[in-house]
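I am opening a notebook on this structure. The entries below record what I looked up, in order.

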Amino acid sequence: MADTLNSAQMDAVHHLGGPCLVLAGAGSGKTRVITHKIARLLQADYAPSQIAAITFTNKAAQEMRERAKALIGPRAAKDLVVSTFHSLGVRILRTEGERLGLKPQFSILDSDDVLGVLKDAGGSSDNALARRWQWTISLWKNQGLNADSVEPQNDDERIAQQVMKRYEERLAAYQAVDFDDLIGLPHQLFQRDDEARAKWQNTLRYLLVDEYQDTNAIQYELLKSLAGERAMFTAVGDDDQSIYGWRGATIENLRRLPNEYPQLKVIPLEQNYRSTGHILRAANAVIGHNPKLFEKKLWSDLGDGDPVQVVECDNEEHEAERAVARIQSLRAQGGALVNAGGQGGEVAFKDFAVLYRANHQARVFEKALRRAEIPYKVSGGQSFFDRAEIKDLCAWLRLLVNNDDDPAFLRAVTTPKRGIGHQTLGALGEFSKRFKTSLYEALFAESLGTVLNARAIGSLHEFGRYVNDLEYRARHTSGSEDAKALLLGWLKDIDYEKHLYEGEDSEKLAASRWTNVLDFVDWIAKRCGGEIENDGGATFETEKKTVLDVAQTISVIISLAERGDEQDVVTLSTLHASKGLEWPHVVLAGVNEGLLPFKSDDDEMTPERLEEERRLMYVGITRARRTLAVNVLRRRKKGRDTVQAIPSRFIGEMKLHEAKSKEDPREKLRLLREAAAKRAAQADVKP
DNA sequence: GCCGCCCGACTTTTT
DNA sequence: GTCGGGCGGC
């Protein structure tokens with residue numbers, strides 16, 4: 001991307017006099033606009049602490065802060081308010097809690113906590129039912145409703161309303177709030193307390209909102225009251241990438257903006273710096289089938305590039321094989337298909353992504369990639385390993401596998417605290433650096449006595465001997481039962497349960513962490529195998545693995561996860577999780593009716609739903625920089641059996657044939673398919 | 001009433 | 001490949 005801003009980006013950055021809506025098409029450099037606008041605001045004498053950039057996820061907030069820091073320097077970046085909606089809400093509630101009758105140390109319930117409270121409040125032990133209540137109540141709260149203002153439409157909703165009433169009472173009694181309250185309560189406060197509202201309006205004098213199309217009704221209201229009369233804000237979003245309607249986001253928020261702020265300056269960013277022409281034309285063609293809120297058409301000056309390929313596959317396994325073959329052949333050719341575009345050069349695994357509608361579609365791709373020995377990661381997935389308690393234990397396991405893993409050593413030696421402090425570790429670190437050894441190695445060095453006193457050395461040796469002993473036992477223990485005993489013994493030795501309860505002020509949270517730990521132990525133990533299995537009359541023992549073997553596999557998973565995007569691996573991701581990301585080569589998997597657009601058997605496809613599915617397709621297409629393969633299944637699995645599969649109507653909507661002759665036999669076939677898709681569309685959509 | 005087995009389904013996700 | 005629900009047997 002050029003180092004300068006284009007003229008639309010420039011307009012967006014320099015419009016400071018009033019409300020501003022930036023319609024940032026895919027790949028149009030919206031983060032650049034936000035960070036440059038922050039810099040511009042600083043020039044215009046806003047203090048960093050008066051500028052709030054609001055995002056949806058912690059990850060996005062973190063990235064935004066990094067990007068801003070690179071532009072404006074660490075000192076100014078430190079005071080910027082870069083925060084998610086929810087953490088901003090926490091901040092408001094912590095300072096203003098009193099005015100809402102909330103103790104300063106209220107607790108925030110996570111999703112599991114809420115489920116528990118709901119089961120209790122609703123007098124049901126049925127998880128699925130409680131989840132449905134949770135879902136319904138959350139959607140209501142996101143619309144700014146409470147148990148008294150809800151108007152139930154059916155019996156289920158009437159029950160949910162009653163449960164909600166009791167749920168509200170319980171939260172008040174517990175002095176607890178849920179995630180939705182983090183937005184809803186500050187909003188209520190600002191509605192009725194002019195003083196508090198004025199105070200915050202003066203604290204946060206300029207608001208920048210990222211992914212504006214993902215805001216829900218209540219977030220919109222909160223923004224509106226924060227912005228106040230002055231209306232100093234920039235909303236950045238793209239109605240064509242609104243894919244979270246199902247969790248309460250509403251593009252109404254985009255539609256109402258020009259009405260509620262007549263002075264609103266709307267600036268479309270249409271130049272795309274990501275994809276080549278064929279890909280962009282396909283994207284524009286697809287999204288052209290949706291009714292338009294704002295006129296916007298992406299263009300790029302990166303040349304036509306390679307045509308979008310429709311890849312026909314017999315079934316899911318074949319599809320995965322073809323995707324693997326595509327990865328291998330593109331790598332072999334150095335990325336050149338028809339038009340290399342930029343430089344050919346090396347094509348790395350990390351240049352590829354396979355995107356799909358639903359998580360379970362990843363499995364068959366994982367299998368094929370493993371067989372082809374292609375490294376991959378499944379994105380968006382398991383955050384289990386991200387949990388602090390699991391990381392603690394993994395540090396120990398990593399240390400057992402590799403004694404020289406210094407970060408693991410540091411975490412293990414201080415978890416739990418065992419009287420080895422900063423001083424000791426600092427000295428050990430210096431020592432290890434000087435003699436170019438690992439920390440673990442340094443611990444046993446004869447000459448360590450020159451830098452540390454006997455007591456410190458004693459503690460270190462005790463730790464070292466324990467690790468040594470544990471490693472020996474882990475190396476010689478296998479089978480589920482023995483492994484479990486070993487692991488539980490270890491946790492008891494280090495008194496980890498106590499450590500959890502001491503480190504956590506909420507007993508409940510500590511208990512849930514301990515449950516995670518026990519799950520983790522079971523998980524490892526299971527992988528140590530050795531269970532007697534009964535297979536067709538013949539009993540046999542499955543192959544046993546030692547605890548150390550399993551720890552080794554875990555270490556690999558962890559180090560993959562930790563290095564994150566640095567790793568040269570193929571990405572498997574849902575379309576939802578792919579938003580905001582890009583890859584040179586993208587494969588869209590299973591572009592068939594029923595999958596994309598997704599349709600479940602019992603609910604009917606409304607036009608709104610279909611439009612959101614179409615935006616999902618649009619998001620998928622616009623992730624690709626240079627090549628795009630769209631996979632179509634001839635047959636697909638449905639439940640236990642395989643059924644005929646119809647190509648997605650979105651294939652036809654891409655208008656890939658536009659410039660081609662209709663005499664081409666392949667083209668005729670394509671047109672027939674398109675007609676079939678159209679018929680499917682008419683059959684499925686009720687007007 | 002509880003436990004175990006078998007069958008079937010399997011959206012999308014953040015705080 | 002996993003989880004949950006439902007049914008059947010003890």
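Is Arg475 buried, exposed or partly exposed? I found Arg475 at 40% relative accessibility, so it counts as partly exposed; buried means under 20% relative accessible area, exposed over 50%, and partly exposed in between, with a 1.4 Å probe and protein chains only.

Before going on I noted the conventions. This is a predicted model, where local features need pLDDT of at least 70 and side-chain atom pairs count only at pLDDT 80 or more, while totals for chains, interfaces and linings use all residues. Residues are numbered from 1 along each chain as its sequence is written, chains are lettered from A and ligands numbered from 1 in the order in which they are written, and side-chain values use heavy atoms, leaving out hydrogens and water.

Entry on Arg475. I looked for its partner and found a salt bridge with Glu471, with the closest N and O atoms 2.7 Å apart. A salt bridge here is a side-chain nitrogen of Lys or Arg within 4 Å of a carboxyl oxygen of Asp or Glu. Glu471 is buried, at 12% relative accessible area. Both residues sit in helix α20 (residues 454-475), four residues apart, which puts about one helical turn between them. Helices (H or I, at least four residues) and strands (E, at least two) are DSSP runs, numbered from the N terminus.

I also noted one network, in which salt bridges with shared partners join Lys30, Asp210, Glu211, Asp214 and Lys579. The structure holds 37 salt bridges.

Entry on Glu96. I found Glu96 buried, with a relative accessible area of 2%. Its side chain meets that of Arg99 in a salt bridge (2.8 Å, N to O), and that of Lys199 in another (2.5 Å, N to O). Lys199 belongs to helix α10 (residues 194-203) and Glu96 to helix α5 (residues 85-96), so this pair ties together parts 103 residues apart in sequence. Arg99 is partly exposed at 34%, and Lys199 is partly exposed at 39%.

Entry on the sheet. I traced an open sheet of six strands in the order β3-β2-β6-β7-β1-β8, with parallel pairing; two strands pair if DSSP finds at least two bridges between them. β3 (81-84) and β8 (265-269) are at the edges with a single partner strand each, so one side of each has no neighbour in the sheet. Strand β1 (residues 20-24) pairs with β8 in the parallel sense over five bridges. Val22 has Ile267 in β8 as its bridge partner.
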